[in-house]
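Please look over the sequence and the model below.

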Amino acid sequence: MRIIPQVLTALFIVLWTLFVFLDYWQKHPSYYLSFTYYQYWGLGLVLLSIGAAVSWLGMKFGQDKQRKFFFNGLSVTALFLLVSMVSVGAAFNALVPSASFNAVRGVKVLLQVGGTAMAVYLVTIASYVLGSLINEFLKVKLSAAMDASLAAIATGMMGLVLGCFLLGTVSLLHGFVLYPCLIVLFFFGRKKALGFLKATLWQPLATDRQLNWVGLGSFYLLVVLLSINFTAVNVPMPAGFDSLTVYANIPSLIGGRHGLVEGYQPYNWSILMSLGYVLFGSTAVSLALSNLGGVLAAFAMYALCRNWLRLDANYSLLAVLVFSLTPSVTIQSSAELKIDLGLLFISLSILLVLLHFLKYSAGEEGGTAPKPVPAKAAAAKKGQAAPTGYAGNIFQASPAIVWMGLMSGFALGIKLTTIYFALALLVALWYGYHGKRGFWAMFLASLFLVLLVKLDDFGGLRQFHLGADVLQWGLLAAALLLFLGAFLSNRPHFQQSIKLSIVYGMFALFTFVPWAAKNYWETRSLSPAALMNGKSAAPAINLQTLENNMPNNGN
Amino acid sequence: MATNTPTNNLVKVLDWLAIAALVGTALAAFFLYGNNTGAGAAATPEEANAIRIEIQRYLGYEILPVRYLSLPYDLVMNSNVYLAILDTGVLLLIFVPIAILLGFLAKPGSPPNGKARRWEAPLLATAVVVSCFFLMVISTANGYIADKNMKIVKPTEVSEYLANTSFGEAPVGVTCAHLYQQCLRLYQGAVEPVLLRFSGNADAVTYPLLILVFALFFYIGSRRFRHLPMPEQGLLYFTYAYLFFWLMLSAGIVWYGLLAFPLLTAFVFSVMLGKGKGEGLAGKVGRYLFLATVAVSLVIGFAHRFSNLTLTILSKDKIAGKRIYDPAYVQYITGDFTEENVYDAYYPGLGRALRSINTEDKSLIYNVGGRFNFFIRANDKRMFNDNQLDFFNQIITKYKNKEQVTALLKASGFRYLIVDFNTPSGDRTPEQLLVERYKKFMLLLYENPGLEMLATNRVIKETSGGATQYIYGVFGEVQDPGTFAIYRIK
């Protein structure tokens, strides 16, 4: 009898897959047209050949103690640049029939792309060094090396941006100010800088014993994709509308003015991108710093798959490749350069730390948190919410929460839609302590907040939801009742959850306060809209002012 | 904690009171406001605003609950707004339900069912299947078929499409059209009449309904994945909550919820290919189909990236399929082009216009959808953006004469006008407000003695003295529509 559900389910799977795929295919004619108009058969063949060679070498020598030396960051970079040059060469020959791609042009490509890559690498290593120092100070320690490195880079970016923000308020955002600061940073963090250089450039890549053709092929294709997208940003102007009007425009304005720009919603990632102008005087580097967000997000996603979802290395690489290849990601990595990929990286980094925090709170391994009270450790083994047994100063007990708060505030300063992320993170935290009751309590409380401050009015949608003003009170009542239930079920957990939520919120506000201060300075208003948006520098024109400016007042 | 302590019982009572509070206020809201389902209806042209045109197009314009419930399907299919940057691939829509479903086929007593009641797994599996079917019905009824000329065929036009198109001409389109026909019948016969009793353009049921649907899927997910250790469960519940907030608050705009995609991709991979993958016939079928879909996604993804087509200019694009990099960019990277060359290759005449605009940084610029901020000095202080022509609409409501309008703008410091010819293409409102306003704006530019055209990439045919020539111009027999024009106010 068990065969019947299997057959029915298999039938549903086949039909659902077929229907959805066919519907998707017919709605996206660009895919089959891509084959109809495909021109790069030669390039495809060359790249596949290189890929086959790389994969074969990886399979043969990847675990060889002597030869694996060749598989390091430098060789991957060489591959990256090779793909860049080959693809530009193929494009040049196809698009410029009056000339041919020669060695001189090839060298120029290498210099252009390599130069931009080095500039981006400098910013990355500076972020890593600064972030490592900050994380040491905050006592944030993550057991997985990749998670720790990514968290350090994220923290460092926050630190760099904050520093640039402060310099920008007094119009001191100049290379002659920043370069000495970086030199000092590298001096104090020289061990970390050397460690990063070693790990990313000449230390052999840690190849998994289970790496096979799927994994190596996925890795290679990922390098190809990232190389092509990175090459595409080595240009004097972005192509996309949003890039030209906002996301590449703001860094350009900051770089030209050596200071902050009035108005606009908070633009942390744009400040980071402005380093392209401030440090290197280059639009290409500025755009590449947007692209960097996507590259780092790919690493973060790999860490998530590998370290937390226990997916093997091959499928982890394949998952990252599949995600990176979606048009929404490739376009934001190459043409419409925005801040969303940077935000994605920061968000994924926060989630990696959240996972560490939840793991510690379940008492499965040591770390910064004290071990759980033994009597309740059994509950932890069943994967249920378990007590943390934190004692003493809240700031000592929860460096991860402090860090997540700081980074969430930084993320909020990249894009205000991080509010969804922050609310969802709190919901997950409460789930960690109180199970489903905690989840629903915080979820309904968050929904109440959303309706109360009319966050659902984004896009003018609130007007369609009649009775939302009434419903919100039901949400509040339900949330409070569930909170009460959580309190009665486990008071220590409840107290801990409340404290951690407050700590999280406080530190999130802390990193957001500079923006609120800047916007208050511009508007002299404490309204939420003013604190979020500042005072637009755009002409304040309305019909009345047009008429007033007319000679004879419009008559 | 023992199950029947007074405290535990009190907690259970509080849980039920919470549900009662929620249900009670939802019912109160319905009885108080539920009749006004026409509220928030399309404004008149004089009252329409930019937000409605720009943002709400992502959500769609169906009956209110359907706008939200069909979002997962519409997002993947790009039914509401078709832009390549919104394309997130098809993998998740197919395999998220399958990943959930497969877990319910495990034998009782083994994860994930654990100690579940025997009826629970089949019931929840059925709920997943029914949900997929319901999603298909409500989404396709408001979707479209793309015919061989890439014209949109609405579901109500499907019969005509099937009558005029053979299977051999468009096998995929015809197959989908048959399915659309059946789904539309179901939607119009069974779903829409029920929804219209309680809803319309506005209602008091959508929010409670969304919370209810969320609760249902929360229950399904919690039973499906309850064997996972704490960190993974925490991530799962984070993803649930995040998805809900994003779909509810962001009008379905992809990049506002970009985080959902790597998380769901990672989850789907870990379920379909990880240690917890389903066994049995269905599990194997699912896994092989998953690998096949992944392989197809990779092939079409790379072809798509390498070809880099722009559909709007495809028929006239002589280098279609070669744009892995833009030609001007390729020549810049190889050192053949300067920055100026790149600007002019992209936007003919822009350099000349910029030389005028950037001689000073005080004059104001009236910008309708133009994208030249990046090139203009002090653009943040000079550019007045009216991308939806809201402000222009106010002006021409009062001032009908183009000379008056020009004089008004000039007196306030405006010296330049920039217009993007694609401005009306973003208008998906039933009223076509932006289209109407755009036509009036172009009339302002047409033969206006107060304006001088500085640059455009539109090509028109001009015949004088028997000779035909093609020049850059805005009004005339259009040969190449171009994308922009820049005018100076004299």
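K461(B) stands opposite Y470(B) in β8(B). Strands here are DSSP runs of E with at least two residues, helices are runs of H or I with at least four residues, and both are numbered from the N terminus. This is a predicted model, in which local features need pLDDT of at least 70, side-chain atom pairs count only at pLDDT 80 or more, and totals for chains, interfaces and linings use all residues. Residues are numbered from 1 along each chain as its sequence is written, while chains are lettered from A and ligands numbered from 1 in the order in which they are written.

The residue pair above belongs to two antiparallel strands. Strand β7 (residues 459-464) and strand β8 (residues 467-472) of chain B pair over six bridges. Two strands count as paired if DSSP finds at least two bridges between them. I460(B) faces I471(B) in β8(B), and S464(B) has A467(B) as its bridge partner.

β7(B) has another antiparallel partner, strand β9 (residues 477-480) of chain B, joined over three bridges. There V459(B) stands opposite D480(B). Angles are taken from 0 to 180 degrees between N-to-C directions, along axes fitted to C-alpha atoms, for helices over the stretch in contact.

How many of the six residues of β8(B) are buried? The count is zero, and the strand is hardly covered. Buried means that 20 or more other C-beta atoms lie within 10 Å of the residue's own; exposed means 12 or fewer, partly exposed is in between, and C-beta atoms are placed from the backbone.

## A five-stranded sheet in chain B

Chain B also has an open sheet of five strands, ordered β4-β3-β5-β10-β6, with mixed pairing. Its edge strands are β4 (383-385) and β6 (451-456), each pairing on one side only. The twist averages 25 degrees from one strand to the next.

Strand β3 (residues 364-368) and strand β5 (residues 414-420) of chain B pair in the parallel sense over five bridges. V368(B) stands opposite V419(B) in β5(B). Helix α18 (residues 402-411) of chain B lies across β3, β5, β6 and β10 (484-489), running at about 75 degrees to β10(B).

## Where the chains meet

141 residues of chain A are in contact with 148 residues of chain B. A contact means C-beta atoms, placed from the backbone, that lie within 7 Å. On the side of chain A that touches chain B, helix α1 (residues 3-27) of chain A gives the most, with 19 residues. That side divides into 95 nonpolar, 33 polar and 13 charged residues. Nonpolar covers Ala, Val, Leu, Ile, Met, Phe, Trp, Tyr, Cys and Pro; charged covers Asp, Glu, Lys and Arg; the others, Gly among them, are polar.

Helix α2 (residues 29-36) of chain A has buried residues S30(A), Y31(A) and S34(A). They lie on the same side of α2(A), because they cover an arc of only 105 degrees around the axis. The arc is that of the directions from the helix axis to the C-beta atoms. Their cover includes α1 of chain A together with α12 (280-307) of chain B.

F510(A) lies in helix α22 (residues 491-523) of chain A. This residue counts as partly exposed because it has 14 C-beta neighbours inside 10 Å. Leaving aside neighbours within four places in sequence, F510(A) is in contact with L406(A) and G409(A).

## Confidence in chain A

Chain A averages a pLDDT of 89, and 90% of the residues score at least 70. pLDDT is the predictor's confidence in each residue, from 0 to 100. In chain A, confidence is lowest in helix α17 (residues 377-381), at a mean of 44, and highest in helix α12 (residues 268-278), at 97. Over residues 362-395 of chain A, pLDDT stays under 50. For that stretch the model has 63 contacts beyond four places in sequence.

Notes. Two residues are in contact if their C-beta atoms, placed from the backbone, lie within 7 Å.
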